[in-house]
Amino acid sequence: MLHSRLSDWFDDAARDLPWRLPSRTPWGVLVSEFMLQQTPVSRVLPVWEDWMSRWPTPADLAAEPAGEALRHWGRLGYPRRALRLHAAATAVVVRHGGQVPGSYDELLSLPGVGTYTAAAVAAFAFGRRETVVDTNIRRVHARLVDGAALPAPSLTAAEMKRAATLLPDDAGSSVRWNAAVMELGALVCTARTPSCEQCPVLDLCAWVAAGRPAPTYVPRGQSWAGTDRQVRGAIMHVLRHADAPVPRPLIHDRPVDLAFGASTALEKLHALNAPPEQLERALEGLLTDGLAQETPNGVQLPA
């Protein structure tokens, strides 16, 4: 009953996303999974579409400098994902003849691909029976089966075991189950304001039956304003829009004359009024992480 109800609901409620279309490619699914990590669909869509237009195959991306991946990552955040995706594309070309591999173990061996991404790509791109567990699925399972408002702060072995137990035996049904539960968590069984009246399995929900008890902990949101992450993001914004290496003085000090290719981005960086030591720490961190490269003429995206 549980599986059939969610499958029927998914037929009507599923969002029309390009990486779900019959025309999707394994590469398109892999790119979407990298981009969707900690990032909402609305922000990912235009960037994914741009990437698929520029680099429709892993070989197309692998042929570009890593800096181009960073440039077209835009404001998705966590730009190391772009470097890892470029490295994964290169590995696909070198090890797999340019074709994204279809097995969990082969996918897991690619740079930047963890257990969730390997399972998701194997399931959604190749129709494999894999236990896919993301934040949305964890929350739905916690409420529906355990009667808890939220899952544990970090993924547990018990959660993975429960997810595996709930997975249908048939490969096609398992793929649909994973997608349906994920969609339910994204659209209905949301973290803060779940729309329980719209839930197709409301009468089967242990959390609702228990009176919707409050969470046992308050999730910590990540701060942004004034942090090193914000300053790093602003510096990356400058580098992405620059048409030449950016001299360090332009990053540290507000220039008198902003006749520079990334003038608007520089204005936004200096509008933060970050202390000099924070600017230097953020810049050095980008260089250390391989997200930026120092040249005799200044700082730029990696070649």
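**Helix packing in the predicted chain**

Among contacts in the chain (heavy atoms within 4.5 Å) between residues at least 6 apart in sequence, 62% join residues at least 24 apart. The structure is a predicted model, in which local features need pLDDT of at least 70 and side-chain atom pairs count only at pLDDT 80 or more, whereas totals for chains, interfaces and linings use all residues. Residues are numbered from 1 along each chain as its sequence is written, and side-chain values use heavy atoms, with hydrogens and water left out.

The chain has 16 helices and two strands, these being DSSP runs numbered from the N terminus (helices H or I, at least four residues; strands E, at least two). Its C-alpha trace spans about 65 × 45 × 30 Å along the principal axes. Of the 303 residues in the chain, 46% are buried, that is, under 20% relative accessible area with a 1.4 Å probe and protein chains only, where exposed means over 50% and partly exposed lies in between.

Helix H1 (residues 2–13) has 12 residues and reaches 16 Å from its first C-alpha to its last, close to the 16 Å expected at 1.5 Å a residue, the expected span being 1.5 Å times one less than the number of residues. The buried residues of H1 are Leu 2, Leu 6, Trp 9 and Phe 10. Because these residues cover an arc of only 105° around the axis, they lie on the same side of H1; the arc is that of the directions from the helix axis to the C-beta atoms. The buried residues of H1 pack against helix H9 (135–146) and H11.

Ala 179 is found in helix H11 (residues 171–187) and counts as buried, because its relative accessibility is 12%. Apart from its neighbours within four places in sequence, Ala 179 is in contact with Phe 10 and Phe 124. The C-alpha atoms of Ala 179 and Ala 120, which are 59 residues apart along the chain, are separated by 9.4 Å.

The axes of helix H2 (residues 26–35) and helix H8 (residues 115–126) come within 9 Å and cross at roughly 145°, where axes are lines fitted to C-alpha atoms over the stretch in contact and angles run from 0 to 180 degrees between N-to-C directions. On the H2 side, the contact is made by Pro 26, Val 29, Leu 30, Glu 33 and Phe 34, and on the H8 side by Tyr 116, Thr 117, Ala 120, Val 121, Phe 124, Ala 125 and Phe 126.
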